[in-house]
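Visitor: I would like to learn how to read salt bridges in a model. Please take me through some of them.

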Amino acid sequence: MLAIWQKVYPILIAILFFEVIIIIHEGGHFVAARLMKIKVNEFSIGMGPKIFQFTKGDTTYSLRWILFGGYCAMEGESEESDDEGSFSKKSVPARIFVVVAGATMNLLLGFIIVAIIVGSQSLVGTTAIAKFDEQAVSNAQLQAGDVIKSIDGMRVFSPSDVSTGLTRSADDTIEMVIQRDGKEQTLDVTFAMEEYEGKEYIRMDFWLLGVPKTFFNVLKNTATEWVSYARMVFLSVHDIIVGRYGLRDLSGPVGAVSVISTAVKTNYSAMLRIMALLTINVGLFNLFPIPALDGWRLFLLLFEGIFRRKLPDKWEWAINGVGLVLLLGLMVIITFSDVTKLF
């Protein structure tokens, strides 16, 4: 029984955290709608058939069986409504506030998780090299005490930037800008390579310097790490567009649960890092101007605010419909890929 529980509990934690991300997101929409006096018809945790529900005021609160989603259904959100409390009756700034509130809450959650990670460490990380592994090859060009400023043209602000820059390198030699004895130098640094899941990656053969914690360096490191996690999202999109990664390298909810559950079994810090990256990813991706996402609605509201007129309903519905079909199709492909990876 214990062996079964040890296999099941990481998956349960992963599913619960994934649902927390959705609840935080939809909760942001809900609170913002309340502040703007917009009527919320239903706030649902989960999807599919209802387990139970209750009504308080104008809102029905429900819990559903499939804990892979949720929604905040507002009056007049997807259709015209004469109700004074409808989404469509509110001003453009009020609607923008409601639309971006979900992603904002995800990004705030990500910041809090990163703060927990940094605050729980015994030392605060820097971008200075502390020492090298015994089998290191990069110390032919690098020295202990070097402060890493950029990797292959990517500016480095945090320890995470160092690992990200090394991981993205296409071969074993990278251009690094370092600060040594107060002066910046540009070096071509050679590393050993190692294989992971059929691909070759640079092996990071040095350790970064940690310094004693203070309130200010914890706050600064939290901010730079948060920005680094956010930058990973845009770098990933760029790498997909240029063909560095394919559809098989993408992950959906199934893949996310698998990765989180593996991290749960590894250590506390690894779990939190994956969770922070995931919630920041959800927050930012939702703001991309892709039909059926919050970012597309934000784009339409900005269009309405600038040009003082809405996009014709038939065009909006058509674009949303096509976008939703394509997004669902992509999710099916990614989910199928996630499932095949599990087996």
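**Reading the salt bridges**

Guide: First, the ground rules. This is a predicted model, in which local features need pLDDT of at least 70, side-chain atom pairs count only at pLDDT 80 or more, and totals for chains, interfaces and linings use all residues. Residues are numbered from 1 along each chain as its sequence is written, and side-chain values use heavy atoms, with hydrogens and water left out.

Visitor: How many salt bridges does the structure hold?

Guide: Side chains of opposite charge can pair when their charged atoms come close. A salt bridge is a side-chain nitrogen of Lys or Arg within 4 Å of a carboxyl oxygen of Asp or Glu. The structure holds seven.

Visitor: Which parts of the chain do Arg64 and Glu42 link?

Guide: Arg64 and Glu42 form a salt bridge at 2.8 Å, N to O. Arg64 sits in strand S2 (residues 59–74) and Glu42 in strand S1 (residues 40–56), 22 residues apart. Helices (H or I, at least four residues) and strands (E, at least two) are DSSP runs, numbered from the N terminus.

Visitor: Is Arg64 buried or exposed?

Guide: Buried means under 20% relative accessible area, exposed over 50%, and partly exposed in between (1.4 Å probe, protein chains only). Arg64 is buried at 11% relative accessibility, and Glu42 is buried at 14%.

Visitor: Where does Arg297 lie?

Guide: Arg297 forms a salt bridge with Glu77, with the closest N and O atoms 2.9 Å apart. Arg297 lies in helix H7 (residues 294–307), while Glu77 is in the loop between S2 and helix H2 (92–120), 220 residues apart. Arg297 is partly exposed at 26%, and Glu77 is partly exposed at 24%.
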